[in-house]
Amino acid sequence: MVKVIVPFAPGSYTENTARLVAAKLQSQTGRPIIVETRPGAGSTIGTAAVAKSDGDGHTLLFIDNSFPAAAALYKDLPFDPLRDIVQLTPVVEAPSMIYVRPDFPADTLAQLVRYARDNPDKVNYGSGGIGSSGHLAIARFAEETGIRMTHVPYGGVAAALNDLLAGRTDLGLSTAAGVAQYIKAGRLKGLAITGAQRHPQLSSIPTFAEGGYPDYDMTYLFGFMGPASMPGALTEAIHDALVRAASSEDVIEKLNVLPVYPLTLSTTQYRDRVRREYEIWRRVVQHANITPT
């Protein structure tokens, strides 16, 4: 039996994607595969369980950008995220979007930046918690634009989104996939999306480059990792099996229902992406003086 640990609360896009690929992998290999959510401490509880597991390939991790974010934020983890975890392959690359409540006095990225500069600390933004990928992503945007906003941490992305939909906060940033239905229904107002071009499912939303910020390229990678104690041959075998499952026609068809881009990489390419992002988040954490609670 193979266990795939998702270090977030149940019901997340991360969990649903993990279950989709795990079901395909099970049908292709004939081996039972279960997905277990193990939330807490900014994804580090579930990640620690994988880092400390036997390197026999029976315990894997499915995670998003919270991995390099947590590595940059937490200084006293019971494992070394860059040494004790090996990247296998991503499954999905998801563009991120910055969005506001419908009555917020800005319809473009430039208007948001101007409003925030004129009203320092008065724009409130929610996230899934201190040090979450959403928190760091907005902190990075604030750093690049020189604006100051007030962070409102929640116990998860769903809670933050619910308060924004209720009008209790002003702004959020997450995957476009997570808010596409609310954008299309007019319950949220999308200001900008990451990526080299507009996504065809959200073609009315300009890119950050179109909004004047071509260097802001925050995208979410959802992928599989495992304990670094796995032998190299086993790591490659698992990588190949995951790529076959994630690249199957029916899985890609289901992934494409939302505004995401199916993506697989070699273990080396995935590792390099994660380490580049870790350096970005490390700088953001230091610049914004973010500390976990």
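S133 is buried, its relative accessible area of 7% falling under the 20% limit. This residue lies in helix α5, which covers residues 133-145. Leaving aside residues up to four places away in sequence, S133 touches N65, S66, M218 and Y220. The model described here is predicted.

The chain as a whole contains 10 helices and 10 strands. Its radius of gyration is 19 Å, close to the 19 Å given by the globule rule for 293 residues, so the chain is as compact as a globular protein of that length. Further values for the chain are listed below.

| Property of the chain | Value |
|---|---|
| Span of the C-alpha trace along the principal axes | about 55 × 40 × 30 Å |
| Buried residues among the 293 residues | 53% |
| Distance between the mean positions of the 27 positive and 28 negative charges | 2 Å |

Of the contacts with a separation of 6 or more, 80% join residues 24 or more positions apart.

The largest nonpolar core has 80 residues, and those with the most contacts inside it are I98, L109, L112, F141 and L171. Strand β4 (residues 85-100) contributes the largest share of this core, with 7 residues. Within the contact list of L112, which leaves out residues up to four places away in sequence, are I98, F104, A106, F141, L171 and L191. A second, separate core has 14 residues, including Y99, L161, L165 and A180.

Terms used. Residues are numbered from 1 along each chain as its sequence is written. This is a predicted model: local features need pLDDT of at least 70, side-chain atom pairs count only at pLDDT 80 or more; totals for chains, interfaces and linings use all residues. Side-chain values use heavy atoms; hydrogens and water are left out. Helices (H or I, at least four residues) and strands (E, at least two) are DSSP runs, numbered from the N terminus. Buried means under 20% relative accessible area, exposed over 50%, partly exposed in between (1.4 Å probe, protein chains only). Contact means heavy atoms within 4.5 Å. A nonpolar core is a set of buried Ala, Val, Leu, Ile, Met, Phe, Trp, Tyr and Cys residues joined through side-chain atoms within 4.5 Å. The radius of gyration is taken over C-alpha atoms; the globule rule is 2.2 Å times the number of residues to the power 0.38. Lys and Arg count as positive and Asp and Glu as negative; His and the chain ends are not counted. The place of a charge is taken as NZ of Lys, CZ of Arg, CG of Asp or CD of Glu.
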